[in-house]
Amino acid sequence: MTYWCATVTGGLGLGVQRVDVRATVDYPEVAAPGDVLPARPAELVLRPQELLRQSTTLLLGAREFEASSQGSAWSLTTADRTTALQAGDIVAPRSGIPQEAGRVWNFGAQVALPALTVPGDVAGGLWLNAPDQFRLDGTFRKADHSTIPATMDCTASGDRRVGGIALEGWTYPTHPPTTIPTTPTPPTAPVPTDPTDPTEPTDPTSNPYPDPAGPAPIGPGVLSRSFEYACRVNTGGIDLGVQRVVADVSAEYEDVGRPGWALPPRSAKFALTVDEILRDAVFDLIGARQFDGSTTSGTEWELENAGGETALAAGGLFVERGPVPQEANVPWVMRGQVELPEIVVGLDANPLDPLWLSVPERFTLRGSLEKADHTLIPTSLQCLAPGDHRLGGIALGFVPSPPTTLPTTTPTAGPTVEPTTQPTVEPTTAPTTGPVLLQPSVKVGALGLWRSAVFTVGVSAKGTLPSGNVTVRLGDRTVAKGRLFLGVTVLTASNLPKGQHTFTITYEGDAKVAGRTVTKVLRIN
């Protein structure tokens, strides 16, 4: 049997993980209607996938695991009728977690099944079914004997029949026909632009990564500004979600350029400040002490003058090794720099406008978190900065300066002289009706569960990051609704009828991107 388990350890969500379960119960007797079959144990073997084993050993340093549930809801099926069978706790005693990559992680458990009475109208076999859902509350133990609490909320996908109890008149009951797959296909995650598939926050009402405050500075002098990047963080193979990273960037351009002149190469300084939630995760759960990293290739900056834009291929971002603060609420600042190349001012540059320099819209930082025992955990940050990227303007041929005195009077509300003539020519064309909207690409991944479904919707469009609402409908009924966050939303629909259905997924569009509707066929168990 296959279960999908939402796994949380130490307050850190490790996502929905697949766990295969094998259940064994010994019913040697041949039963008749009205017979009472004594209580007996059911033996379980649970097998998490390699990703979860890797996460718990590499990320958490776990060596052993134990867990139990609060009861378990089994059931009996006969004569097209299912009856609940309340069993005991699922108890998984402490056992080891393999430390080598690729080694299968199995842990055993046992459940006390109660005595059961064979129904008087039994027909077509008496089938024992494993629980549809269960929750394990457990503990990971590390080499230093410290513990990390964990929970696994598991939902079955597919056939839950453990087997049929033999009845008088036949030895092997006929298995009812079923079209439920025994190995469900997990949802295909949409592939929007970096960062990919972030988890949607609860009812976001505004962009959590606003444009930088204040106007971009104009040289000569130091160009300095702060930008908020949304960074998807992965460490040791575990997705830590989308985290906010504030980048304070500065570059010194004391010189004034002219058309045709070359401005020498120089360095741009970066100070990346990480939010407290990420610092707490890498310190408390991983035990990280230091971090360093770099982009695997150069960074793409931009130059702009008089409406024309030019790409500026700069060096990679190198972050020097620095400490991860061990105390709560102490800012974690990662310092690095980028080598900017020589800038040749174009002959057609307008000297009355500055040459605007913009920081990279996106970059991927790959590095290592180092623990106290000097083991290294590979870590990556895929970062995207929505909105304004201007670091500042390089002065060309003039230095703008503020007025030396403030006006002494309040400006008048209108012109002081009435126009002497009216326009003699009417406009020849009507105003346009509005901007041309971009056509989006909408990708949907879906997972059918017990009377519910999870939809992962990714929306992308060229040159922008879509926002706005997404609605899932079944017929005329709205079953789920949410907002895009960095182009992705995860929606859960509950109380769905069983069977195969066609769901309609509608992206409503935003100020730049047109709406679009797609469909998804999904079977609900």
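Predicted model: local features only at pLDDT ≥ 70, side-chain atom pairs only at ≥ 80, totals over all residues.

Reader: Which residue is joined to Cys-5 by a disulfide?

Author: The structure holds 2 disulfides. One of them has an S to S distance of 2.1 Å and links strand β1, where Cys-5 lies, to strand β13, so parts 149 residues apart in sequence are tied together. The partner of Cys-5 is Cys-154.

Reader: Is the disulfide of Cys-231 and Cys-383 right-handed or left-handed?

Author: A disulfide joins Cys-231 to Cys-383 with S to S 2.1 Å. Cys-231 lies in strand β15 and Cys-383 in strand β27, so the bond ties together parts 152 residues apart in sequence. The torsion about the S-S bond is about 115 degrees, so this disulfide is right-handed.

Reader: Which strands stand at the edges of the open sheet of 4 strands?

Author: The pairing in this sheet is antiparallel, and the order is β21-β20-β25-β28. A strand at the edge has a single partner, so one side of it is left without a neighbour in the sheet. That applies to β21 (308-314) and β28 (390-394).

Reader: In β28, what is the bridge partner of Trp-356?

Author: Strand β25 covers residues 355-358 and pairs with β28 in the antiparallel sense over 4 bridges. The bridge partner of Trp-356 in β28 is Gly-393.

Reader: Which residue in the turn between β29 and β30 has a positive phi?

Author: Strands β29 and β30 run antiparallel and are joined by 9 bridges. They form a hairpin with 2 residues between them. The turn residue with a positive phi, about 55 degrees, is Arg-451.

Definitions and conventions
Residues numbered from 1 in each chain as written. Heavy atoms only, no water. Pairing = 2+ DSSP bridges. Disulfide = S-S within 2.5 Å.
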